[in-house]
Amino acid sequence: MGRRTPLFNLHTELGARIVDFGGWDMPVQYSSQIGEHHAVRRSAGVFDVSHMCVVDLRGEKVRAFLQKLLANDVGRLHEPGKALYSCMLNESGGVIDDLIVYYMTHTWFRMVVNAGTRDKDLAWIRKHAAEFDVEVTERTDLAMLAIQGPEARAKFVTLLSPAGAQTAMALDVFVGREIDGLFVARTGYTGEDGFEVMLPANDAVRVWKELNAMGVASCGLGARDTLRLEAGMNLYGNDMDESKNPLESGLAWTVSFEPATRDFIGRGALEAIRQRGSPLKLVGLLLEDRGVLRSHQKVVVSGVGEGETTSGTFSPTLERSIAFARVPAKTGDHVQVDIRGKLLNAAVVKPPFVRNGKPRIDVAVTK
Amino acid sequence: MSNVPADLKYTRTHEWVRDLKDGTVEIGITDHAQHALGDLVFVEVPEVGRQVGAGEPVAVVESVKAASDVYSPIAGEVTANNAELGTTPELINQDAFGAGWLMRLKPANAAVLSELMSPTEYQDVLKAEGA
């Protein structure tokens with residue numbers, strides 16, 4: 001038996017199929033994975049993401065600490081509640097984890113890291129926090145729900161006070177705020193509008209049931225994976241890990257090399273790679289032949305070399321198979337993927353595949 | 001508990017076999033199997049005329065989550081495949097024992113049909129798997 005969130009019993013009552021995810025017993029789907037996917041693209045769905053690890057970092061030097069710890073620069077965060085997506089790198093530039101960090105006050109930042117990497121993340125954070133006198137507190141008292149979809153915000157705010165609802169609806173993208181005793185952030189992992197809400201663990205079941213009663217669909221990790229892949233978002237452990245750097249993981253945009261004086265962990269290694277040019281890159285693939293792309297399939301780039309898919313699935317929105325693949329930097333606009341010994345054709349495309357319910361790539365190629 | 005029709009034979013790997021009484025059999029995956037796989041999005045069926053051995057992988061069923069091989073319960077020659085599945089793989093989710101059939105086979109030796117699992121034996125397999 002794995003670890004369980006405060007919603008575990010409700011998931012089983014709702015008929016969820018439970019799987020192990022990073023040591024946690026989590027719902028992978030309730031009824032139909034495709035149905036849950038479409039609910040989020042077309043109206044609203046709720047996900048239990050309480051397995052993710054919320055860490056509060058407090059201290060006078062917390063900003064300087066994070067400017068060393070993270071590849072993206074928290075120096076850019078000035079508005080309270082503003083969030084930043086970043087990688088946390090090791091000395092050789094490999095990705096220890098990807099995370100979101102919120103600027104709360106000048107002595108307090110809040111970080112959300114992956115469940116499967118919790119132990120090593122906390123050890124790494126604590127190791128480096130010591131020299132900055134930063135206090136590291138894991139918030140195991142909080143549950144976290146992601147309410148996502150075009151109707152998600154309007155439905156969720158009906159659970160708040162009138163003033164709270166107004167504040168929540170006015171939140172900018174990638175900003176969070178404490179509202180009515182909850183932490184409500186306009187963030188997500190689906191490519192749709194919505195909130196991620198941290199709330200006292202004891203309130204989670206009630207809020208979930210109230211959302212269901214409003215027609216917000218219970219959604220599992222299966223739909224979460226197809227949604228994030230369509231949205232062009234990386235999954236730690238699939239698309240990058242400690243042996244891969246952000247430049248070969250489609251995450252160069254999250255590395256802040258300016259100011260040049262900011263000495264973040266992994267900077268030296270990344271600069272060397274950047275100078276000579278990363279030999280590999282992460283691209284999107286759209287399968288042109290019939291079949292389904294999966295992770296770890298061989299990618300053949302004619303005249304250039306080989307690569308590998310890192311995530312792959314059937315896209316319910318495009319009704320085609322899509323993937324991320326790590327391929328040689330010289331790869332052009334077409335590759336072949338080895339699926340069970342057959343070489344199938346795939347177009348190289350720029351993610352995201354889907355955003356805000358709409359296809360973002362042209363699927364009008366031979367089906 | 002999954003639906004296990006009484007007039008079919010079964011395998012431990014969740015295929016079903018229907019004796020069509022015309023010298024051929026129809027083969028598919030069970031309701032339990034389709035439920036475990038989830039929404040099916042791609043199915044690859046064997047070519048007509050192909051000679052298959054017992055236990056040989058003959059078809060692939062892919063859901064959003066994963067790809068899974070389908071094994072031929074018996075040896076024989078493929079006499080038909082379900083082309084409908086090419087455009088509507090969800091037929092397997094909707095009707096695993098009917099419209100979602102995968103292939104028809106002319107058994108090399110019809111006598112082996114009786115060696116396949118009975119519905120009761122298959123129910124026991126499902127129970128043992130905690131289904």
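**Entry 1: domains.** I looked up the domain assignment of chain A first: domain 1 covers 8-49 + 141-230, and domain 2 covers 279-367. I note that this is a predicted model. I then checked the spacing of the two domains in chain A, and their C-alpha centres lie 29 Å apart.

**Entry 2: where the domains touch.** I looked up the contacts in chain A. On the domain 1 side there are 13 residues, in contact with twelve residues of domain 2. Which helices supply at least two residues each to the domain 1 side? I found α2 (33-42) and α8 (221-230) of chain A. The largest share, five residues, comes from α2(A). I also sorted the residues of this side of domain 1 by kind: three are nonpolar, four polar and six charged.

**Entry 3: helix α7.** I turned to α7 of chain A, residues 204-213. Which of its residues are buried? I list A:A204, A:V207, A:W208 and A:L211. Looking down the axis of α7(A), I see these buried residues within an arc of 100 degrees, so they line one face of the helix. I recall the general rule: an α-helix has 3.6 residues a turn, so residues three or four places apart point the same way. On the other side of α7(A), I find A:R206 and A:A213 exposed.

**Entry 4: what α7 packs against.** I looked up the partners of the buried residues of α7(A). Two are helices of chain A, α1 (8-13) and α5 (152-156). The strands are β3 (45-48), β9 (142-148) and β12 (194-200) of chain A. Last, I checked what follows α7(A): A:G215 has a positive phi, near 90 degrees.

Terms used
Residues numbered from 1 in each chain as written. Chains lettered and ligands numbered in written order. Predicted model: local features only at pLDDT ≥ 70, side-chain atom pairs only at ≥ 80, totals over all residues. Buried ≥ 20, exposed ≤ 12 C-beta atoms within 10 Å, placed from the backbone. Helix = DSSP H or I, 4+ residues; strand = E, 2+ residues; numbered from the N terminus. Arc of directions from axis to C-beta. Contact = placed C-beta atoms within 7 Å. Domains from an automatic or database assignment. Nonpolar A, V, L, I, M, F, W, Y, C, P; charged D, E, K, R; others polar.
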